[in-house]
Amino acid sequence: MTPTLPTFRRSDKVWTKTAERPLRSTGKAVAAWCMAHFLGVPVPWAAVRQASGTELLAFEHERLQQLAQAGEQVPAVLAFDGRRLSLGDVGPTVDECLQRLPAAEHLALMCAVSADLARFHARGHWHGGAQIRNITWDGEHFARLDFEERLFPAMPLHACQIYDVLQLVMSLARWVLPLGAPAVLAVLDAYEAQDPALDLRGFLRHLLPRLQRVSRLATWVPRYDRSKELLRLRLLIEGMQAFVRRSPG
Ligand SMILES: Nc1ncnc2c1ncn2[C@@H]1O[C@H](COP(=O)(O)OP(=O)(O)O)[C@@H](O)[C@H]1O
Ligand SMILES: [Mg+2]
């Protein structure tokens, strides 16, 4: 018997973000900056250091308006007074959808979200937080959330887009683990098919030796070597290697 697939849709819920929300601590900002630079993404310090909740909210509001005007799928702004930003619901996040879907449906959703990010990029946009907890699926469209990261124009557009792809792929690591490296390759292929202009292959070629070094270092510490994080990292490495080795097209 085929299990019935869950239906995904938007609800009437209103999501409110306030200027009083806790800001990233200096320690977390340093860690985020170091991680991005290690990955080869030159994120500006001013963007990772979250100095003011009011500024973050105003920036998010501005980006939501710009993207909506450009015809992109983002939550509708229901109200904004400088301290509170109320948004319409755009459906469950891709993370929630993957939790609710049977495993046999996972790869198709992961490739679809990757292809959708690529089309968004090909239209000249960047997300700045493209993890699957910040992308929703309402059964018809993917939509993007959470536009607090002030990366552009301090960081060039192509670097913002590369960072989006890395964040998407890393956020999928938990879900590709049972499927193996071919699933990582499929997700990267799905991206490339829709946005061949972004030099993802060239970027990954430089990134891979760094990731491999981390993976090798971990073999010295049995506790890390057998951790889920390392298993996921090694799977991503394997999938990225397969992608880089193959010539495009
Ligand atoms: N408009 C929305 N539609 C659907 N879910 C939302 C919406 N806004 C927020 N969410 C949910 O709330 C979570 C946190 O919101 P987000 O804007 O990403 O804030 P944060 O900056 O705290 O990450 C999201 O991961 C998503 O689960
Ligand atoms: Mg978020």
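The model is predicted.

**Backbone features of the loop**

Most residues other than glycine have a negative phi, and most peptide bonds are trans. Aspartate 146 has a positive phi, near 70°, although this residue is not a glycine. The peptide bond from phenylalanine 152 to proline 153 is cis, and its omega is near 10°.

**Ligand surroundings**

Strands of a sheet pair through backbone hydrogen bonds, either parallel or antiparallel. Here three strands make an open sheet in the order 1-3-2, with antiparallel pairing. Strand 1 (14-18) and strand 2 (77-80) are the edge strands, each pairing on one side only. From one strand to the next, the twist averages 15°.

Helix 3 (residues 53-69) packs on this sheet and touches strand 1, strand 2 and strand 3. The direction of helix 3 makes about 145° with that of strand 2.

Strand 1 is joined to strand 3 (residues 84-88) by five bridges, and the two run antiparallel. Between strand 2 and strand 3, also antiparallel, there are three bridges. One bridge partner in strand 3 is leucine 85, which pairs with phenylalanine 80. Strand 2 and strand 3 form a hairpin with three residues between them, and in the turn glycine 82 has a positive phi of about 95°.

**Helix packing**

Two packed helices are described by the angle between their axes and the distance between the axes. The table gives these values for two pairs.

| Helix pair | Axes come within | Crossing angle |
|---|---|---|
| Helix 5 (residues 106-122) and helix 6 (residues 157-171) | 11 Å | roughly 170° |
| Helix 8 (residues 181-194) and helix 11 (residues 228-245) | 8 Å | roughly 55° |

The axes of helix 5 and helix 6 cross at roughly 170°, and because angles over 145 degrees count as roughly antiparallel, helix 5 is roughly antiparallel to helix 6. On the helix 5 side the contact is made by Ser114, Leu117 and His121, and on the helix 6 side by Gln161, Asp164, Val165 and Leu168. The contact of helix 5 with helix 6 has three nonpolar, three polar and one charged residues.

For the other pair, the angle of roughly 55° makes helix 8 oblique to helix 11. Helix 8 passes helix 11 in a right-handed crossing. Helix 8 contributes Ala181, Val184, Leu185 and Leu188, which meet Leu235, Leu236, Glu238, Gly239, Met240, Ala242 and Phe243 of helix 11. By class, nine nonpolar, one polar and one charged residues make up the contact of helix 8 with helix 11.

Definitions and conventions
Residues are numbered from 1 along each chain as its sequence is written. Chains are lettered from A and ligands numbered from 1 in the order in which they are written. This is a predicted model: local features need pLDDT of at least 70, side-chain atom pairs count only at pLDDT 80 or more; totals for chains, interfaces and linings use all residues. Axes are lines fitted to C-alpha atoms, for helices over the stretch in contact, and angles run from 0 to 180 degrees between N-to-C directions. Helices (H or I, at least four residues) and strands (E, at least two) are DSSP runs, numbered from the N terminus. Angles under 35 degrees count as roughly parallel, over 145 as roughly antiparallel, 65 to 115 as roughly perpendicular and the rest as oblique. Two residues are in contact if their C-beta atoms, placed from the backbone, lie within 7 Å. Ala, Val, Leu, Ile, Met, Phe, Trp, Tyr, Cys and Pro count as nonpolar, Asp, Glu, Lys and Arg as charged, and the others, Gly among them, as polar. Two strands pair if DSSP finds at least two bridges between them. A crossing is left-handed if the near helix is turned anticlockwise from the far one by less than a right angle, and right-handed if clockwise.
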